Amino acid sequence: MNGWLPPVSFLWPQMLWLLLVLPLLVLLYLWLLRRRQRTALRYANLSIVREALGKGPGWRRHVPPMLLLLALAAMLLAAARPSASITLPSTQQTIILAMDVSGSMRAEDVAPNRLVASQNAAKAFLAELPRHVKVGIVAFAGSAQVVQPITLSREDLVTAIDKFQLQRATAIGSAIVVSLSELFPEQRISLTDMTYSRNTDPFAPRGRSLDQPRNNEEKAFQPVEPGSYGSAAIILLTDGQRTTGVDTAEAAKMAADRGVRVYTVGVGTVEGEVIGFEGWSMRVRLDEDTLKDVARTTKAEYFYAGTAENLKQIYQSLSSRLTVEKKETEVSGLLALLAAGLVVLAAGLSLAWFKRVL
């Protein structure tokens, strides 16, 4: 039973001491019953008492007082102002779909091919989302770009998905950075700030970090707890390994510092498949370890989609997870409503059974 109930805390726990009144009231009720019985035996002969007991209300006479006692308990608990973590529909939610459109997505190990399967699953995902959830789409291959800014229009989103075109290379980290820039436009996050250095590492950024202030007037970025940003999330779908762009681990750290969860979905096979594209061929493999690290860093989850049906199920699962949120909510009003209902029920039963209110 404890696993089914959310943990409850009280804003005014000192009010719980008033619950000690309840056993005293029970003792008072029992004392009044005993006193009434003694009074009845004193002033009535035995035959009248037996006749009265035979026609008496029996157990029903205890129901209204019991309901009143429960109502009082509910009111005392409400006075302590209980609060609980309750799962509620999210009122402010934005989801960025970052989808791989690299050449390897033409592989047919996921029928009819990886790209079409991901497009179909994404469109089914959009159809199931509540209408108040905003969605933006980032497509990435050798670079990443916003192909549909954040919007409520499902038609615009579907149109953007249908226009995907395959390109070379895979810039997973760049996709995360562009997704963050779409979620936090006020932070002026830009891929142009992640320029390449001239040393032996072609992927090492040079110049100022994205989290450093642009000038003396701007405040330095303050990281937050990973996974703490509840108003938005990124769903990253890819089938390959990073071959260019921003380092994936660095981009994941940027998302974690902003509290944004990056749910990663791997499409294809770990063993890989040889594909041909514009006169060249290569073996494409799924880099599960990197995707798991991204999800772990941002306090999200990694999903493996080996088939088209599996991919749709993953999107359905994500839809249900991302459109609800847990909030610490005061429930004293519910207890007060329960107490009022118990009082009305007690009065109604007393009127129906004994022709009096209480």
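Predicted model: local features only at pLDDT ≥ 70, side-chain atom pairs only at ≥ 80, totals over all residues.
Residues are numbered from 1 along each chain as its sequence is written, and side-chain values use heavy atoms, with hydrogens and water left out.

The secondary structure of the protein consists of ten helices and 13 strands; these elements are DSSP runs numbered from the N terminus, where helices are H or I runs of at least four residues and strands are E runs of at least two. Of the 358 residues in the protein, 39% are buried. Here buried denotes a relative accessible area under 20%, exposed one over 50%, and partly exposed a value in between, with a 1.4 Å probe and protein chains only. The accessible surface of the protein is about 20,000 Å², and 57% of it belongs to carbon and sulfur atoms. Such areas come from the Shrake-Rupley method with a 1.4 Å probe, and for residues only the protein chains shown count as cover. Among contacts with a separation of 6 or more, 78% are between residues 24 or more positions apart, a contact being heavy atoms within 4.5 Å.

Strand β3 (residues 94-100) is largely enclosed by the rest of the structure, because seven of its seven residues are buried. Thr94, Ile96, Ala98 and Asp100 point one way from β3, while Ile95, Leu97 and Met99 point the other way. Strand β3 runs parallel to strand β4 (residues 134-140), to which it is joined by seven bridges; two strands are said to pair if DSSP finds at least two bridges between them. Within this pairing, Asp100 has Phe140 of β4 as its bridge partner. Strand β3 also pairs in the parallel sense with strand β8 (residues 232-238), over six bridges, and Thr94 stands opposite Ala232 in β8. Together with helix α4 (residues 114-128), β3 and β4 form a right-handed β-α-β unit. A crossover is called right-handed if, with the strands pointing away from the viewer, the path from the first strand over the helix to the second runs clockwise. The loop between β3 and α4 contains Pro112, which is joined to Ala111 by a cis peptide bond with an omega of about -10°.

Ile137 is located in strand β4. Ile137 counts as buried because its relative accessibility is 0%. Apart from neighbours within four places in sequence, its contacts include Leu97, Val147, Leu157, Ile161 and Phe164. The C-alpha atoms of Ile137 and Ile235 are 9.7 Å apart, although the two residues are separated by 98 residues along the chain.

The loop between α5 (154-162) and α6 (172-183) contains Thr170. With a relative accessible area of 6%, Thr170 is buried. When residues up to four places away in sequence are not counted, Thr170 touches Asp100, Ser102, Phe140, Ala141 and Gly142, as well as Thr238, Gln241, Arg242, Thr243 and Thr244. Ala169 lies in the loop between α5 and α6 and has a positive phi of about 75° although it is not a glycine. Ala169 is classed as partly exposed, since its relative accessibility is 31%.

A positive phi, near 60°, is also found for Lys299, a residue other than glycine. Lys299 is situated in the loop between α8 and β12 (302-305) and is partly exposed, with a relative accessible area of 46%.

Helix α7 (residues 248-257) is mostly covered, with seven of its ten residues buried. The buried residues are Thr248, Ala251, Ala252, Met254, Ala255, Ala256 and Asp257. These buried residues of α7 pack against α6, β9 (261-267) and α8 (288-297).

Val21 belongs to helix α1 (residues 21-43) and is partly exposed, with a relative accessible area of 37%.
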